[in-house]
Amino acid sequence: MSDFLVDENLRLDVFVSKMLQISRNKASNLVKNGLVTLDKTPILKPSFIVEVGKKISINLDEKEDKKENFKTDFEVPIIYEDSDILVINKPANLVTHPAPSVKEPTLLDWLLDKNYALSNLNNARKGIVHRLDKGTSGALVIAKTNKAHLNLATQLKDRTMGRIYLALINLSLKENLVINRPIGRNPKNRLKKAIVQGARESKSAFLNLYNDDEVNLIAAKLFSGRTHQIRVHLSSINRYIIGDNLYGFKSQNDKIVRLMLHAYILYFKHPITGENMKFVANLDNEFLNYKNIKEKAYEKFSPNFIIGSFDDFHSWLRLT
């Protein structure tokens, strides 16, 4: 049995799919089979709307609920730590938390192996307030206490907490722009998301930082938190992140070992003291050395320069 705290109003099958990282169809079957409960009462209707603050319990079958032991023979850089929170720099190609479909060690496995104190509002995701895709590197905040977790979850929902990403893309942006296009399930590929009319509103701002004939560096700021949001919005204008084979990037001769997307800047209010906090997650060598971008655009990596450059995003080109 795994317990999950609801952090946004969603259909029950969508919530289960999101929490377990399984297909919507499989999530719907779990609901219909009475394996999903609200306050110990089975909810059999997949379209039932679960509300923020409620606790959902999912009774996975024995095969799915079995915990595999993986060796966590890797390191995760620590950016900041106190008695309430931990801020880490997640390496690329590391899954954030376990799921039935995950057959490799995760960030959460590493945290547990290192005996960090973690919130336990969601037993299957102890301490995990937000996540990054497996291929995406960068800053994540981990909650050590339930009080900190609840406060950070609220900030994530009301956008008090935010991140600015850096990405290398295959074609330059013609200008800075804001994309406000709804994102939903891709009807042709369950692994992907897509622009779907009538789906959930999604808004991203994209900033040109550097471009030449070999490489294009951009920053992205999100005003919503959809799965694959940056990747989907860029693909909607025929731009692709280097290494993003899922959404259409085609490599000619380069051997690319990672998705060139990084959560560079993370900001929020300390969940206990209320202090404004900002953290920068250093880029790895694979990102910095790609087409010599570190040397070409050194001054563009300044966090203050990037943050300030988004001040006038209201005047940028808007695509809907």
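## Surface, fold and local detail of a predicted model

Residues are numbered from 1 along each chain as its sequence is written, and side-chain values use heavy atoms, with hydrogens and water left out.

The secondary structure comes to nine helices and 18 strands, where helices (H or I, at least four residues) and strands (E, at least two) are DSSP runs numbered from the N terminus. The radius of gyration of the protein is 20 Å, close to the 20 Å that the globule rule gives for 320 residues, so the protein is as compact as a globular protein of that length; the radius is taken over C-alpha atoms, and the rule is 2.2 Å times the number of residues to the power 0.38. Of the 320 residues, 50% are buried, a term that means under 20% relative accessible area, as against over 50% for exposed and in between for partly exposed (1.4 Å probe, protein chains only). Among contacts with a separation of 6 or more, 65% are made by residues 24 or more positions apart, a contact being heavy atoms within 4.5 Å.

Helix α1 (residues 12–20) is largely enclosed by the rest of the structure, because seven of its nine residues are buried. These are Leu12, Asp13, Phe15, Val16, Ser17, Met19 and Leu20, and their cover includes β1 (2–5), β2 (10–11), α2 (24–32) and β3 (36–38). Just after α1, Gln21 takes a positive phi of about 55°.

Arg159, in the loop between α5 (146–158) and β10 (162–169), has a phi near 70° and is partly exposed, with a relative accessible area of 31%. Asn238, in the loop between α6 (229–235) and β16 (261–269), has a phi near 60°. Most residues other than glycine have a negative phi.

A further loop, between α4 (107–113) and β9 (137–143), holds Ser119, which counts as buried at 1% relative accessibility. The side chains of Ser119 and His149 are joined by a polar contact of 2.7 Å, that is, a pair of N or O atoms within 3.5 Å of which, within protein, one must be able to donate a hydrogen and the other to accept it, with residues adjacent in sequence counted only if both atoms are side-chain atoms.

Notes: This is a predicted model: local features need pLDDT of at least 70, side-chain atom pairs count only at pLDDT 80 or more; totals for chains, interfaces and linings use all residues.
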